[in-house]
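These are my notebook entries on one protein chain. I set out the structure first and then record what I looked up in it.

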Amino acid sequence: MVRIKSYLREVKPYVPGKAIDEVKRELGLEEIIKLASNESPFPPFPSAVEAIEKAIPTLNEYPLSDSYYLREALAEKFDFPIDQIVVGAGTDELIGLTARCLLGPGDEAVMPAPAFIMYPIATELTGATAVQVSLRDNRVDLKEILKAVNERTKIVFLDNPNNPTGTIFTKRDLEWFLEKVPNHVAILLDQAYYEFVTSPDFPDGLDFMKRGYENVIVTRTFSKIYSLAGLRVGYGFFPRELAEALNKARGPFNVGTLSQVAALASLNDQEEVFKRKTLINNERDRIVFELKKRGFNCTPTQANFVFFETPFHSEEVYQALLKKGVIVRPGHIFGPGYEKYIRLTIGTREDNDAFLKALDSIIEEASQQ
Ligand SMILES: Cc1ncc(COP(=O)(O)O)c(C=O)c1O
């Protein structure tokens, strides 16, 4: 009999949100709106589609192993050394590779809870221990995270904005934290939602790297504002030696040709990024206004989703919305204390209107019971 490493038995698998087709099949509904996975509601950029079409005839060849042209463009756009930039099959892969390069049995990684669910999974897959530090008032609590750091700690994962709450910590908070945390600890700043942020207090992790904080890592993604979640492209800025290690640990062709060309074309189309940021953020403001008008408590968000509290259990709200063809994320899956929260991804204006209509009819039904 094969024997897997014993610690793998304890790792809880990632559970994705329900897919549109699955819900259609199960409930026999024609129209489904998915506002559950913090994806973009818009199709890929026209420039990305064009680049994909152009690259199709080359698919008999392996992709560029080092995603060279995409890394070159990232190096230029962000004014950062190309040999410290690594491209992966989504941020997911970069998080997993970083864990694999820095952690092993006996080590610890510290992270907020709730946060992006791949942090504990990636940590535990190496045999290391995930030390989860509760949020305070739906915010990442850097003071408590610092207290949880010890000589066994090798990584601190910090999503900013945080998923699922959408809150941020500020430049001052980060500077305070980086000054205090021992420099043998890698600080992975996951900025998956960075393009949606409007707060002037938001810390751009790259500025900190450029200022000489040698233990900082910054990751970003093409899955959110760039509308390429299905192609799996993420990128990260790493300390030089760690970038070299990641390049040994990753698969030689980890990012496919279509993913590379689509990401490059999208990166070169910042006008489209700005357009979409404006559309999503205007809708975000409108949804927050509408939710507050209905008396729901909304956590201040800087991302493309909103975490709000209703008087009902989140599973009830989730199921009731599902029956009306709207998929959201119920808060109870994020742990104790979040049973009344819903995480709602901002959709198109039409999607959001359909959500509000479904929500209103649920409130109406509840008031009649
Ligand atoms: C904080 C955070 N990081 C990373 C990701 C995953 O990004 P990618 O699609 O690049 O793997 C997500 C996805 O929801 C996220 O919320």
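In which sense do strand β7 and strand β8 pair, and over how many bridges? I found that β7 (residues 216-221) and β8 (residues 234-237) pair in the antiparallel sense, over four bridges. At one position T221 stands opposite G234 in β8. I note the terms here: two strands pair if DSSP finds at least two bridges between them. Helices (H or I, at least four residues) and strands (E, at least two) are DSSP runs, numbered from the N terminus.

**Entry on the source.** I record that this is a predicted model, in which local features need pLDDT of at least 70 and side-chain atom pairs count only at pLDDT 80 or more, while totals for chains, interfaces and linings use all residues. Residues are numbered from 1 along each chain as its sequence is written, and side-chain values use heavy atoms, with hydrogens and water left out.

**Entry on the seven-stranded sheet.** I looked up the sheet that holds this pair. It is an open sheet of seven strands in the order β2-β8-β7-β6-β5-β3-β4, and its pairing is mixed. At the edges stand β2 (85-88) and β4 (129-134); each has a single partner strand, so one side of each is left without a neighbour in the sheet. From one strand to the next the twist averages 20° (axes are lines fitted to C-alpha atoms, for helices over the stretch in contact, and angles run from 0 to 180 degrees between N-to-C directions). As background, strands of a sheet pair through backbone hydrogen bonds, either parallel or antiparallel.

**Entry on the four-stranded sheet.** I then turned to an open sheet of four strands, ordered β9-β10-β13-β12, with antiparallel pairing. Its edges are β9 (297-298) and β12 (329-330), each with a single partner strand, so one side of each has no neighbour in the sheet. β12 and β13 are joined in the antiparallel sense over two bridges, and P330 stands opposite I342 in β13. Helix α11 lies across β9, β10 and β13, at about 10° to β10. Helix α12 (residues 314-323) lies across β12 and β13, at about 40° to β13.

**Entry on the domains.** Which residues belong to each domain? The domain assignment gives domain 1 (11-43 + 271-368) and domain 2 (55-268); such bounds come from an automatic or database assignment. Their centres, taken over C-alpha atoms, are 26 Å apart. I found 27 residues of domain 1 in contact with 28 residues of domain 2 (contact means heavy atoms within 4.5 Å). The two domains bury about 2,300 Å² between them, 60% of it on carbon and sulfur atoms; buried area is the accessible area (1.4 Å probe) that two parts lose on being put together, summed over both. On the side of domain 1 that touches domain 2, α11 (270-293), β10 (305-309) and β13 (341-345) each supply at least two residues. The most comes from α11, with six residues.

**Entry on the backbone.** What kind of peptide bond joins N160 and P161? I found a cis bond, with omega about -5°. The peptide bond from N163 to P164 is also cis, with omega near 25°. P161 lies in the loop between β5 (153-159) and α7 (171-180), and P164 is found in the loop between β5 and α7. Lastly, S67 has a positive phi of about 45° although it is not a glycine.
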